[in-house]
Amino acid sequence: MNLVITMSRRFGTGASLIAEELSQKLGIPVYDKAYIEHELQENTYASETEAIRKLAENPCIILGRCASEILAGQVNVFNVYVVADKEDRIQRIMAKESLNYEQAKEMLEQNDKDRAAYYNEHTGKLWGDVNNYHMILDTTKLGIENCAEIMRKYFERVELI
């Protein structure tokens, strides 16, 4: 099957690390905002939508960009939402970005606010609503290192891979 995984996430959850590991396990590419925007002639939501639909013609993982809504209704699409406790996310951002606690907290809050606004503006839905996803992974409870394997085993069990 042409499995397309969309992965929405809160900032600082480690979702990009999960996507990379899952990409290696499944042998499929990961596309994120930087990749999608790099491929566009003009950076509009309509052109992003077109690019995402084109990417989804083949197995892949798409991070963010409202991909879960853009590809809604396609039977080969599996939507994942990645969360983590706020304190865990702040600590991860501090380490990754070499920021102090307050800077990391501010970055987290601004980034989450921007992502929520972007999602709402383009879909009319509430970002993070559990009803929009097939699976929710909490990296605080499960550990980043376990999430890709959890998904791989699930896809194998339901015979999607």
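In this predicted model, the buried residues of helix α6 are Ala104, Leu108, Asp112 and Tyr119. They pack against α4 (67-70) and α5 (86-97). An α-helix has 3.6 residues a turn, so residues three or four places apart point the same way. Helix α6 spans residues 101-123, 23 residues in total, and reaches 33 Å from its first C-alpha to its last, close to the 33 Å expected at 1.5 Å a residue. Just after the helix, Gly124 takes a positive phi of about 75 degrees.

The largest nonpolar core has 22 residues, and those with the most contacts inside it are Ile5, Met7, Val80 and Met151. Two or more residues each come from β1 (4-9), α1 (15-26), β3 (60-63), β4 (77-83), β5 (135-138) and α8 (144-157). Beyond its neighbours within four places in sequence, Met151 is in contact with Met7, Ile18, Leu22, Val80, Met135 and Leu137. A second, separate core of 20 residues includes Ile52, Cys66, Val83 and Trp127.

The count of disulfides is zero.

| Cysteine | Relative accessible area | Closest cysteine sulfur |
|---|---|---|
| Cys60 | 0% | Cys66, 16 Å |
| Cys147 | 0% | Cys60, 20 Å |

Cys60 is in no disulfide, and it counts as buried. Cys147 is also buried, and its sulfur is too far from that of Cys60 for a bond, because 20 Å separates them and a disulfide requires sulfur atoms within 2.5 Å.

Definitions and conventions
Residues numbered from 1 in each chain as written. Predicted model: local features only at pLDDT ≥ 70, side-chain atom pairs only at ≥ 80, totals over all residues. Heavy atoms only, no water. Core = buried A, V, L, I, M, F, W, Y, C linked by side-chain atoms within 4.5 Å. Buried < 20%, exposed > 50% of the residue type's maximum accessible area, 1.4 Å probe, protein only. Helix = DSSP H or I, 4+ residues; strand = E, 2+ residues; numbered from the N terminus. Contact = heavy atoms within 4.5 Å. Expected span 1.5 Å × (residues − 1).
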